Structure formats: structure tokens, C-alpha cells
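Welcome! Here is a short tour for anyone meeting this structure for the first time.

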Amino acid sequence: MIQGVIFDMDGLMFDTERLWDTLWEPTCQALGIPMPEDTAAFYAGGRGLAGEKLRAHIGRYFPQVDPQKMLDKIWQIGGERFAQGVPCKPGLKELLGLLEERGIPRIVASSSPRSMIQQNLQTTGTARYFHDVVCGADVKNSKPAPDIFLEAARRLGLDIRNCLVLEDSFNGVRAGHAAGAVTVMVPDMAQPDAEIRSLYTRCCRDLFEVRDLLRAGEL
């Protein structure tokens, strides 16, 4: 039985993955460096990463610059852009409403900086639905390691096996599976491949479907 729900943020709650992809070019321009040749692989490989794993990923594609310097710049640019507001994914507020109605605890577990998570929750009016937030800086290992979801469950006071993890990225699904959570993928930028299909509990087209499955007792 689902006793708590752990939400990823970018690409799951808010339609921000596409926005992030558009911010690397102005970041490179600001730092005077070229974009990598295989931008698709760079974008896809970095989704869900944080901390040392994200810095290592950036370092592989941008060996000529300090990865932290790039992160500081893109977070600055992203913060300015996201302050204008971000679009909610279809079904988000309806799902949150059902969970609130049923008294099921909710928490955000995102690799993004805490300030950016809180800003997005405030500008979209969704902050009131969540009991807590776990960000990438709160754990030692980022996704695909399970740390962030295990910490989220700990903060909710729940066994991770009784928690529903909602994710859109491959690294997120890997992390949810590794944690032992009921893991549901709601694809955003990429459809699941054979590996990812073997890891998640279920795949839903949107958050409306997640809500309907919970309502019907099928999750």
C-alpha cells in the first residue's frame, strides 16, 4: 500500500527539462567556450545528475573549463529564467489534490539546487502541498544512486518500499528501482528503452493517469 509519494521535479512536475536544454548555449557564450558536438548525448546523460557525478559529466564534454564555474553560471541564468514562472505538467495539481484529500504525505526529491526547487514551488502555487524537499546537495551520491529517495523516505518516516517514486528520467528510474520503491515513470524527453522497462513498476502517459490508478487502488 502506498503510504507516501516522492516527486522528482524537472520534467515530472514542471516542464523545465526543455528549458534547461536551451540554457547551455547562453552559458557557453557567457564563458566564451563552444558547445559540444554531440549535444543530444550531453543533455540526455546529464538529466537527474547532481554533485560530483554532474561535475564529472560536464568535465567530459567541457575539459577546458571548471565544471563548477559552468554550474554556477547556468544556475544563475536558470534562476533568472525560472523566476518568470514555469509550466506545470498535465495532471500535477489534480494528483496533488487527491493525495492531500487522502492524507498521503508528499515530498520533492530533485537534483536541482534547493533555492530553485523552492522558487518553482512558490511561483506555481504548489509549495503548500509538500511536507519537505530533498535536493542534490543533501545526499552524498546523486541519481542513479538511491540516496536521494532513501533520504526522502527517511524524512517522511516511511519504509521506502511503501513509497511511490514518480520520475521522468532514466537516471531517476534507476535510482527509484535501486532504492526499492514502487517506481512509476512518466516519460518526458525520452521514452523508456528495454533496460528502463525492466526497472520501473509502471509507465504512465501523464500525471492524470497516476491519479486515476491511485484512485482505483491499482498502485
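## About the model

This is a predicted model, in which local features need pLDDT of at least 70 and side-chain atom pairs count only at pLDDT 80 or more, while totals for chains, interfaces and linings use all residues. Residues are numbered from 1 along each chain as its sequence is written, and side-chain values use heavy atoms, leaving out hydrogens and water.

## The sheet

Six strands form an open sheet in the order β3-β2-β1-β4-β5-β6, with parallel pairing. Strands are DSSP runs of E with at least two residues, helices are runs of H or I with at least four, and both are numbered from the N terminus; two strands pair if DSSP finds at least two bridges between them. β3 and β6 (202-203) are at the edges with a single partner strand each, so one side of each has no neighbour in the sheet.

Strand β2 (residues 106-110) pairs with β3 over four bridges. Val-134 in β3 is the bridge partner of Ala-109.

## Helices across the sheet

Helix α5 (residues 92-102) lies across β1 (4-7), β2 and β4 (163-167), at about 155° to β1. Helix α7 lies across β1, β2, β3 and β4, and runs at about 155° to β2. Angles run from 0 to 180 degrees between N-to-C directions, with axes fitted to C-alpha atoms, for helices over the stretch in contact (heavy atoms within 4.5 Å).

## A cis proline

Most peptide bonds are trans. Lys-143 and Pro-144, however, are joined by a cis peptide bond, with omega about 15°. Pro-144 sits in the loop between β3 (132-135) and α7 (147-156).

## The cysteines

The whole structure has zero disulfides (pairs of cysteine sulfur atoms within 2.5 Å). For Cys-163, the nearest cysteine sulfur belongs to Cys-204, 17 Å away. Cys-163 is buried at 0% relative accessibility, where buried means under 20% relative accessible area, exposed over 50% and partly exposed in between (1.4 Å probe, protein chains only). Cys-28 is buried too, at 1%.
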